[in-house]
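Subject: Structure handover and findings

Hello,

Here is the structure for you to look over. My notes come after it.

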Amino acid sequence: MSIKLFELLLQASIYTVTISVVSILIGFAIAIAISAMLLSRQRLFMLPAQIFISFFRGAPLLVQLLLIYNLLPVIGINVPSIVAAVIGLSLCTAAYQAENLRGGFASVPAGLVESAEMTGMTPIQIFRRIRAPIALRLTFPALVNEAILILKASSLVSVVGIVELTRMAQDLAGSTFLPLEIFASAGLIYLIINWIVALAGGLIERSLPGVPR
């Protein structure tokens with residue numbers, strides 16, 4: 001396989017990384033709100049959050065992407081394909097991240113919170129200094145794993161017309177009749193990207209307060 005073909009795969013991988021990173025960040029913001037709704041213990045908030053999580057964890061991502069891509073124009077919202085893809089990935093990863101965060105916040109020792117309340121700390125201070133750091137430390141490995149899963153799942157956005165790494169590999173394999181070399185190269189690029197994410201995640205995890213070095 002020529003260097004030029006490999007360069008085309010690398011260029012397509014930029015779309016893969018960009019879409020994945022944006023989706024993960026947006027999904028994390030949504031997940032914080034969803035996990036807060038789950039922990040509120042008020043049915044008015046818990047029920048919508050549970051329905052959200054059940055749908056986006058239960059329906060295949062491919063179906064979600066196609067549904068969002070076709071639904072938005074119907075309700076009068078015309079956006080580029082890449083925006084529809086980001087919305088689909090963001091909502092999907094938000095459901096998984098919300099469950100991870102809920103578990104992390106639920107695992108915060110009640111004794112620590114009670115002790116903080118006795119010292120006169122406000123709820124915001126308790127959240128910022130106790131709940132959030134502990135929950136993040138407990139859920140960080142799961143969040144990194146979810147990021148890797150989204151990077152791999154981003155290959156599905158080709159169904160809405162995005163030429164990312166997998167779609168580019170398919171196109172090149174069909175035009176060059178070199179499927180083995182093309183897909184092996186694409187797999188290598190995915191492997192390197194995910195290895196970098198895992199390595200960065202491990203370094204960040206070790207830097208978090210309270211994590212043994």
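Below are the ground rules, then the domain, the helices, the salt bridges and a surface patch.

This is a predicted model, in which local features need pLDDT of at least 70 and side-chain atom pairs count only at pLDDT 80 or more, while totals for chains, interfaces and linings use all residues. Residues are numbered from 1 along each chain as its sequence is written, and side-chain values use heavy atoms, with hydrogens and water left out.

Domain

The unreviewed UniProt entry places "domain: ABC transmembrane type-1" at residues 13-201. UniProt positions follow the numbering used here, feature names are shortened, and annotations may be inferred rather than shown by experiment. Over residues 13-201 the chain is 84% helix and 0% strand. The end C-alpha atoms of that stretch are 20 Å apart. Helices (H or I, at least four residues) and strands (E, at least two) are DSSP runs, numbered from the N terminus.

Take α3 (61-74). Its 14 residues should span 20 Å at 1.5 Å a residue, and its end C-alpha atoms are 20 Å apart, which agrees. The expected span is 1.5 Å times one less than the number of residues. The buried residues of α3 are Leu61, Gln64, Leu65, Ile68 and Leu72. They fall within an arc of 100° seen down the axis of α3, so they line one face of the helix. Buried means under 20% relative accessible area, exposed means over 50%, and partly exposed is in between (1.4 Å probe, protein chains only). The arc is that of the directions from the helix axis to the C-beta atoms.

Helix α7 (residues 165-176) has 12 residues. From first C-alpha to last it reaches 16 Å, close to the 16 Å expected. Its buried residues are Leu165, Thr166, Met168, Ala169, Leu172 and Ala173. These cover an arc of only 155° around the axis, which puts them on the same side of α7.

Salt bridges

A search of the whole structure finds 3 salt bridges. The criterion is a side-chain nitrogen of Lys or Arg within 4 Å of a carboxyl oxygen of Asp or Glu.

- Glu99 pairs with Arg57, the closest N and O atoms being 3.6 Å apart. Glu99 lies in helix α4 and Arg57 in helix α2 (residues 43-58), so the pair ties together parts that are 42 residues apart in sequence.
- Glu99 also pairs with Arg102, at 3.3 Å between the closest N and O atoms. These two are 3 residues apart in helix α4, so about one helical turn separates them.
- Arg167 pairs with Asp171, with closest N and O atoms 3.6 Å apart. Both lie in helix α7, 4 residues apart, about one turn of the helix.

Shared partners join Arg57, Glu99 and Arg102 into one network. Relative accessibility is 22% for Glu99, 39% for Arg57 and 30% for Arg102. Arg167 is partly exposed at 27%, and Asp171 is partly exposed at 38%.

Which elements give two or more residues to the nonpolar patch on the surface? The patch consists of Tyr15, Phe55, Leu67, Leu71, Val74, Ile75, Ile77, Val79, Ile82, Val83 and Ile87, with about 900 Å² of accessible area together. The elements in question are α3 (61-74) and α4 (81-106). Tyr15 sits in helix α1 (residues 3-39) and is partly exposed, at 45% relative accessible area.

Patches are made of residues with over 30% relative accessible area and no salt bridge: like charges are joined within 9 Å, nonpolar side chains (Val, Leu, Ile, Met, Phe, Trp, Tyr) within 5 Å. Accessible areas come from the Shrake-Rupley method with a 1.4 Å probe; for residues, only the protein chains shown count as cover.

Best regards
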